[in-house]
Amino acid sequence: MTKREQLGGIVHTYQKFDPKNFPSPTQAPPDLVSPAFEHMLAYGSMRELTDEELARAIKIDPSQFSGFGPSIEALRAMLEERKRKICRPAG
């Protein structure tokens, strides 16, 4: 075997190129847009939901908010502290 014949196999093995399972790079890419449009035409539209429709569509359990941020009590304490600092008489 000449040195030239030994080149190439390593790259194909490394990239796991299998011509039986992978299409040729010169082949046209698959059409992914048509099925998406067919689905949209069959089941929906591009119209944005109004605030009321969105509120009715999404149901959120209040327990999902635990640990999401500071509690109402902590927010109230922070605001009261801020108010005390601002309303403190000059003296």
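Does E53 count as buried, exposed or partly exposed? E53 counts as partly exposed, at 23% relative accessibility. The model is predicted, and the mean pLDDT of the protein chain is 77. The protein chain holds five helices and zero strands, and 0% of its 91 residues count as buried.

**Overall architecture and surface**

- Along the sequence, the elements of the protein chain follow the order α-α-α-α-α.
- The protein chain exposes about 9,600 Å², and 61% of that area is supplied by carbon and sulfur atoms.

**Confidence of the prediction**

- A pLDDT of 70 or more is reached by 75% of the residues of the protein chain.
- Among the elements of the protein chain, the lowest mean pLDDT, 53, belongs to helix α2 (residues 9-14).
- Helix α5 has the highest mean pLDDT among these elements, at 91.

**Helix α5**

- Helix α5 (residues 72-86) contains both R76 and E80.
- With 15 residues, α5 spans 21 Å from its first C-alpha to its last, close to the 21 Å expected at 1.5 Å a residue.
- Helix α5 is hardly covered, as the count of buried residues among its 15 residues is zero.

**Salt bridges**

- Side chains of opposite charge can pair when their charged atoms come close.
- Three salt bridges are found in a search of the whole structure.
- One of them joins the side chains of R47 and E53, with an N to O distance of 3.0 Å.
- R47 is exposed, its relative accessible area being 52%, whereas E53 is partly exposed at 23%.
- Another salt bridge links the side chains of R76 and E80, at 3.9 Å from N to O.
- R76 and E80 lie four residues apart in helix α5, about one turn of the helix.
- An α-helix has 3.6 residues a turn, so residues three or four places apart point the same way.
- R76 is exposed, with a relative accessible area of 57%, while E80 is partly exposed, with a value of 44%.
- R84 also forms a salt bridge, with E81 as its partner, and the closest N and O atoms of this pair are 2.9 Å apart.
- Because R84 and E81 are three residues apart in helix α5, about one helical turn separates them.
- E81 counts as partly exposed, at 33% relative accessibility.

**Nonpolar surface patch**

- A nonpolar patch on the surface is formed by L49, L54, I58, I60, F65 and F68.
- Together, the residues of this patch have about 640 Å² of accessible area.
- One of the members, L49, is placed in the loop between α3 (33-43) and α4 (51-57).
- L49 counts as partly exposed, with a relative accessibility of 47%.

Methods: Residues are numbered from 1 along each chain as its sequence is written. This is a predicted model: local features need pLDDT of at least 70, side-chain atom pairs count only at pLDDT 80 or more; totals for chains, interfaces and linings use all residues. Side-chain values use heavy atoms; hydrogens and water are left out. Helices (H or I, at least four residues) and strands (E, at least two) are DSSP runs, numbered from the N terminus. Buried means under 20% relative accessible area, exposed over 50%, partly exposed in between (1.4 Å probe, protein chains only). Accessible areas come from the Shrake-Rupley method with a 1.4 Å probe; for residues, only the protein chains shown count as cover. A salt bridge is a side-chain nitrogen of Lys or Arg within 4 Å of a carboxyl oxygen of Asp or Glu. Patches are made of residues with over 30% relative accessible area and no salt bridge: like charges are joined within 9 Å, nonpolar side chains (Val, Leu, Ile, Met, Phe, Trp, Tyr) within 5 Å. The expected span of a helix is 1.5 Å times one less than its number of residues. pLDDT is the predictor's confidence in each residue, from 0 to 100.
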